[in-house]
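Welcome! Here is a friendly briefing for anyone meeting this structure for the first time. Please have a look at the sequence and the model below, then read on.

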Amino acid sequence: MKKIFNFLLLFFALSFSFAQSKKEIKRQGLAAFNNEDFITAKGHYLQLLEKGDKTWETYTILGDCEFKTGNPDEALTYYKKAQEKNPIYSGLYLRVATVFRQQKKYDEALMNFRQMLITNPRTPEIYNMIASTYYEKGDYHAALEEINTMVQLGGENLDSSFGRSISYIKLNKIPEACVELEKADLFDVDNENREIDVMKAQFCTK
């Protein structure tokens, strides 16, 4: 009986030590990540994987570390593993879409942005990202349609007016562009977007 008791004590001690070790590794990994030391953070989270901590959070942080250190393909690998664990978290679709958009894989980016709408169907910011992706793809009519949806949900703002103006310019609809540039200028009360003034001078002078 004493041997069994000693064995149980040893088992629980080892289990507690293992759990504490994982907790400390995660703490150090998060601290490094928050300090933007992504290489160190990646090392800690790889240790967590080795210890069996194969959660969607671990894969997501590893993906973020790879993305921040300029390894988009590796980031996608980890993000997709995270999605297998948590297929409804919209933040993962945002990350995947951002990587694809950076790689100019616009159709893949759009598909992932639209996945976000399943759980957030009335979020104007998502339509803004979709519109921007269409603009980068060169589909300016589609960009305008998405901006219209964004405005219906959240009202007009600097993003909607400026987005419309640059799309209209690409479509050579200069009068419509100038109307939107005037609206964008009113929204830009702190004159943060200097492009507005440049574009007004270039396209809208009488």
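A residue is called buried when its relative accessible area is under 20%, exposed when it is over 50%, and partly exposed in between, using a 1.4 Å probe and protein chains only. This is a predicted model, in which local features need pLDDT of at least 70 and side-chain atom pairs count only at pLDDT 80 or more, while totals for chains, interfaces and linings use all residues. Residues are numbered from 1 along each chain as its sequence is written, and side-chain values use heavy atoms, with hydrogens and water left out.

**The chain as a whole**

- The protein chain has 11 helices and zero strands; helices (H or I, at least four residues) and strands (E, at least two) are DSSP runs, numbered from the N terminus.
- Followed along the sequence, the pattern reads α-α-α-α-α-α-α-α-α-α-α.
- Of the 206 residues in the protein chain, 38% are buried.
- Contact here means heavy atoms within 4.5 Å. Among the contacts with a separation of 6 or more, 42% join residues 24 or more positions apart.

- In soluble globular proteins, nonpolar side chains tend to be buried together. A nonpolar core is a set of buried Ala, Val, Leu, Ile, Met, Phe, Trp, Tyr and Cys residues joined through side-chain atoms within 4.5 Å.
- The largest nonpolar core holds 38 residues, and those touching the most other members are Phe33, Cys65, Tyr79, Phe113, Ile130 and Tyr134.
- At least two residues of this core come from each of α1 (2-34), α2 (38-50), α3 (56-68), α4 (72-85), α5 (90-102), α6 (106-119), α7 (124-137) and α8 (140-154).
- The biggest contribution to this core is that of α5, with six residues.
- Another core, of 10 residues, lies apart from it and includes Tyr168, Leu181, Ala184 and Ile196.
- Cys65 counts as buried because its relative accessible area is 0%.

- The buried residues of α10 are Ala177, Cys178, Glu180, Leu181 and Ala184. They lie on the same side of α10 because they cover an arc of only 165° around the axis, an arc taken from the directions from the helix axis to the C-beta atoms.
- An α-helix has 3.6 residues a turn, so residues three or four places apart point the same way.
- On the face of α10 turned away from the buried side are the exposed residues Pro175, Val179 and Leu186.
- What do the buried residues of α10 pack against? They pack against α9 and α11 (194-203).

**Two serines of helix α9**

- Ser165 sits in helix α9 (residues 158-170) and is buried, at 0% relative accessibility.
- Beyond its neighbours within four places in sequence, Ser165 is in contact with Ala177, Glu180, Leu181 and Met199.
- A polar atom of the Ser165 side chain lies 2.6 Å from the backbone oxygen of Phe162. This is a polar contact, a pair of N or O atoms within 3.5 Å; within protein, one must be able to donate a hydrogen and the other to accept it, and residues adjacent in sequence count only if both atoms are side-chain atoms.
- Ser167 is also in helix α9 and is buried at 1% relative accessibility.
- Not counting residues up to four places away in sequence, Ser167 touches Tyr135, Tyr140, Ala143 and Leu144.

**The disulfide**

- A disulfide is a pair of cysteine sulfur atoms within 2.5 Å, and by this rule the count is one.
- Cys178 and Cys204 form it, with their sulfur atoms 2.0 Å apart.
- Cys178 lies in helix α10 and Cys204 in the segment after α11, so the pair ties together parts that are 26 residues apart in sequence.
- The link of Cys178 and Cys204 is left-handed, with -100° about the S-S bond.
- Cys178 is buried, at 15% relative accessibility.

**Two asparagines in loops**

- Most residues other than glycine have a negative phi.
- Asn172, in the loop between α9 and α10, has a positive phi near 60° and is exposed, with a relative accessible area of 62%.
- Asn191, in the loop between α10 and α11, has a positive phi of about 55° and is partly exposed at 29%.
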